[in-house]
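Please examine the sequence and the three-dimensional structure below before reading on. The paragraphs that follow lead from a sheet to the helices that accompany it.

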Amino acid sequence: MWGLGQTGLVDETPALFAASARHMAESGDWLIPRVNGLPRYDKPPLIYWLMGALYALPGSDQWDPLGSWAARLPSALASMTTMVALSDTLLRWPPSGQSGSPAPGVDRAATAISAALAFALGPLMLVWGRTEVSDALFTATLASSLLLAWRSYAAQRGPWWPCWSVLALAVLSKGPVALVLFALTLGLFWLLGADVERLRRRLRPLAGVALSLVLSGPWFALALLREGKPYWDSFFGYHNLQRFSRVVNNHHQGHGYFFAVLVLASLPFTPLLLLSLQRVLLQARTPLAVPLSLGRFAAAWLLAVLLFFSLSATKLPSYWLVATPAAALLVALAPSTARDPGIGPAQQPLSPRGLRLAMAASAALLVLVSAALALAPRWLHLIDDPTLPGLAAALGRRPWLPLGAAVSLAAALLLSGLASKRPTARLLQSQAALLLLVPLVLVPVWQIGDQLRGAPIRQLAVVARTQRAPFEALAMVGLIKPSLHFYSQSTVLFEGRSPTALVNLADRLHADSRPGLRPGPTDLQPTLLLVIDAETAEQPHWHGWQGRELARAGLYHLWRLDRRWLEKQARTLQTQGNNPNWRDPRPEMF
């Protein structure tokens, strides 16, 4: 929640989510999200409904001038929900001995809080946990449904339906992949030694799947009924089947990609995760009391995500987010399980020596992080991102990175036993220190990045909104930033950097009739407003442009362009073989 609305929307995808949700609130059409005059079929509606409900609150322009608080609050609340679900599960079912009673010396509250912090402090969650997309919501709904499923399995009595009801929300957050991951987790849990008859009796899978489909299915049916084949082809065909079966948007990675993400996503406590996972796999199929099976369930959950997305042709780091709650459970359970002399070697938890090595390795990783932050002036200049001009100088003038180095070193010392010898307490103390990184480093650095990267677009959007003549088109070429659409509150013609993009723009001014545009000849609309970045403006086909520069911010220029020059330039480029292609089907066009 810290500083949630103090920065603007992030380009590119988050701004599309926010614009779609705001359009829902403004138009009153809560069935199909629309952005920049086109339907947006990529995700089910739950995240748009939550954002849209906040945009619909009175006076949002005053209390949320950047529009980012309403867009990010659902993700932040979803992340907090996951933290509560993890903690509550461990408080109700703590690490226990064979009898099911808590093992000696185990601090239930410390283990529960440690799981929540292991989840929240993961590198992926520090970014996506408050970002205006659907990933945090999907993680929360799927994690809650899986935790409720294990709790039903572990309990002697109680209702079977809560986990399936929450699973329906996960389907409405991301789609059918929620059902697949849920089923795959239960299947791997059985392979790791779960009682399949108890699973069947306590969860009633056939009735449960039917309940989830009854609760989530009506929206899909209504969307298909209204939108027809375009919706079917886009959502089910492109965004689900095609993303799994072939590479989309050049997101191609090797089969070991998600193992690397597994290692990076739990830093600096990855050694504890790997040790805990090793214990579960070595003890697979060994008879185990039901209250002791939470670690096995978490391992099955993590492996289900690893297996499914490793088989997917399209791979993105955000896909791993749904595994981070399982990884957090394994990290928290690693130091909290004491050796029990009353059980056999095959059932023994982590050895003291293995645990000491894992804790020492995690502390060493924190020391490396501290060193990297302390030496930041030596490597900041290597960051070469044209959309972040002056980042190294801006960070070098401020104390945030040295403060981060100090915090990381303190966390390493606490993990090494500076204040306590008990492993559970050492882990929790280290995590508590790392919490300081959020207000001292993460939020200030994010704000600097927003001022360098996002503020120029917002500034030009305001100028465009005030300077735009009636029915004058607004376009952006080169770097494509959907936040221009959000902040200008206008339909924007987006095109790339190539000569064909210029030809497309000239042609679209005659024919593109999406809402908010009024196509027509040059005598009726002699100019257009154009946002162009400096590198694109240097391309040969933009040399000699005619018009007037209205404003400049960062890398970007706002031109009022003479359409007669644009038409002439487009005709010249067409004679060179650059024909318009904007009418060709593009699944992710906006």
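How many bridges join strand S5 (residues 527–533) to strand S7 (residues 556–562), and in which sense do the two strands run? The model shown is a predicted one. In it, S5 and S7 run antiparallel and are joined by seven bridges. Within this pairing, leucine 530 has tryptophan 559 in S7 as its bridge partner. In general, the strands of a sheet pair through backbone hydrogen bonds, in either a parallel or an antiparallel manner.

These two strands belong to an open sheet of five strands, arranged in the order S4-S3-S5-S7-S6 with mixed pairing. From one strand to the next, the twist averages 20°.

Strand S3 (residues 474–477) pairs with S4 in the parallel sense over four bridges, and alanine 475 has leucine 493 in S4 as its bridge partner. Between S3 and S4 the chain passes through helix H24 (residues 483–488), making a right-handed β-α-β crossover. In a regular strand, side chains alternate between the two faces of the sheet. Strand S4 (residues 492–495) is covered on both faces: Val492 and Phe494 are buried on one side, and Leu493 and Glu495 are buried on the other.

Helices also lie against the sheet. Helix H23 (residues 455–467) lies across S3, S5, S6 and S7 and runs at about 30° to S7. Helix H27 (residues 563–575) packs on the sheet as well, touching S5 and S7, with a direction that makes about 90° with that of S7.

Is alanine 537 buried or exposed? This residue is found in helix H26 (residues 534–537). Alanine 537 counts as buried because its relative accessibility is 14%, below the cut-off of 20%. Leaving aside neighbours within four places in sequence, alanine 537 is in contact with Ile532, Trp542, His543 and Trp559. Alanine 537 and valine 477 are 60 residues apart in sequence, while their C-alpha atoms are 9.1 Å apart in space.

Finally, attention may turn to a pair of helices. The axes of helix H7 (residues 135–154) and helix H9 (residues 177–191) come within 11 Å and cross at roughly 35°, in a right-handed crossing. Among the residues that meet are Phe138, Leu142 and Trp150 in H7, and Leu181, Phe182 and Phe189 in H9. The residues of this contact comprise 11 nonpolar, two polar and no charged.

Definitions and conventions: Residues are numbered from 1 along each chain as its sequence is written. This is a predicted model: local features need pLDDT of at least 70, side-chain atom pairs count only at pLDDT 80 or more; totals for chains, interfaces and linings use all residues. Side-chain values use heavy atoms; hydrogens and water are left out. Axes are lines fitted to C-alpha atoms, for helices over the stretch in contact, and angles run from 0 to 180 degrees between N-to-C directions. A crossing is left-handed if the near helix is turned anticlockwise from the far one by less than a right angle, and right-handed if clockwise. Contact means heavy atoms within 4.5 Å. Ala, Val, Leu, Ile, Met, Phe, Trp, Tyr, Cys and Pro count as nonpolar, Asp, Glu, Lys and Arg as charged, and the others, Gly among them, as polar. Buried means under 20% relative accessible area, exposed over 50%, partly exposed in between (1.4 Å probe, protein chains only). Two strands pair if DSSP finds at least two bridges between them. A crossover is right-handed if, with the strands pointing away from the viewer, the path from the first strand over the helix to the second runs clockwise.
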